[in-house]
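Hello,

Here is the structure for you to look over. My notes follow below it.

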There are 2 protein chains.
Amino acid sequence: MRLSKRGEYGLRAMMVLATPGPDGKPAVVQIREIAEREEMPAKFLEQILLSLKNAGLLHSKMGVGGGYHLARPASEISLGQIVRVLDGPLAPVKCVSQMAYEPCGCPDEETCGLRLVMSDVRNAISELLDGTSLADVTKRVRKAHRPTLVEAGPN
Amino acid sequence: MRLSKRGEYGLRAMMVLATPGPDGKPAVVQIREIAEREEMPAKFLEQILLSLKNAGLLHSKMGVGGGYHLARPASEISLGQIVRVLDGPLAPVKCVSQMAYEPCGCPDEETCGLRLVMSDVRNAISELLDGTSLADVTKRVRKAHRPTLVEAGPN
DNA sequence: GGTAAAGTATAGTAAAACAATAGGAATTCA
DNA sequence: TGAATTCCTATTGTTTTACTATACTTTACC
């Protein structure tokens, strides 16, 4: 049930790109800068961002002053989309995958115990990852930084 | 987010062992029989069942008339236990793992976006897999075989 | 006690996946 | 033109996966 480095780096990079600059405008950031900030191998990150671009999640600009930026608002890019591009289907077994179904060979899929359970697992993962956008994540991160002090109450 | 063959075969085998014989007694089954019924390589399954035994989930008997049987009632063996033995931690990233925590290197774990989300994923998977016992699965399978016809209603 | 049936244990291996690394081509801007 | 940047493909080293092999131990039964 592991997320690959590819997936991890990709998600981290997308989160960087999802954080608006101080001017509030969507950030345009170079590979090198992301790699340094997040301490990942730049050449590897290059490949990853390229995949993400080819999948339509990122736009890029070559040359001086170039870099990457999100192809759409952060609220419209889900973590599920990113993970699928970089790590493939979310499903633990192919026979419950929506995007890459393959029969698992059991005589009756409708009554296969493994399938019944793994289908639940797939749905749970998908609900979380497809239901969480980059904007949701950056919001949660901001919240974690400045925790609501409501619960403290008066002395 | 994949379950390995090792994990898959192991789960299937445990489900076989969890199905009580016609006499209602807990089944004692040989490697070879499970391998044939479920169409898995016998030698590979041998290793898998051995791991499960060493982890305390199975008991075995050598010699003529021997075989494997569950170490505890099917209701007291969760799928999570089985998967952990065969495929390791459920967590997508080590830094949210309960059984194999390792820092991921981010400057502040409490405000790391990846961690916030992956921790949810881990919990969702764990709730499902640790919350489902072998008995639960066999029950669901039986239900799938004989679907309740309640919903049909009169014409 | 011998023998066949079972599990125990460990080592080996081919292929695939993973995690990079390398290096040049293409593009943009000043 | 030249520096900065992405684009693209190939290669490499390591780890994991999915088996396969071999030898050993225990047990039941005749």
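H3(A) gives the largest share of the surface near DNA strand D, four residues. Helices (H or I, at least four residues) and strands (E, at least two) are DSSP runs, numbered from the N terminus.

This is a predicted model: local features need pLDDT of at least 70, side-chain atom pairs count only at pLDDT 80 or more, and totals for chains, interfaces and linings use all residues. Residues are numbered from 1 along each chain as its sequence is written, while chains are lettered from A and ligands numbered from 1 in the order in which they are written.

Two or more residues each come from H2 (31–38), H3 (42–54) and E2 (67–70) of chain A, and from H1 (5–18) and H3 (42–54) of chain B.

Now the protein interface. 33 residues of chain B are in contact with 34 of chain A (C-beta atoms, placed from the backbone, within 7 Å). H5(B) gives the most to chain B's side, with ten residues.

How are the two chains related? A rotation of 180° with 0.0 Å of shift along its axis superposes chain B on chain A, RMSD 0.0 Å. In chain B, Met1(B) has the C-alpha nearest the axis, 2.1 Å from it.

Best wishes

Terms used. Contact = placed C-beta atoms within 7 Å. Least-squares fit on C-alpha atoms with pLDDT ≥ 70 in both.
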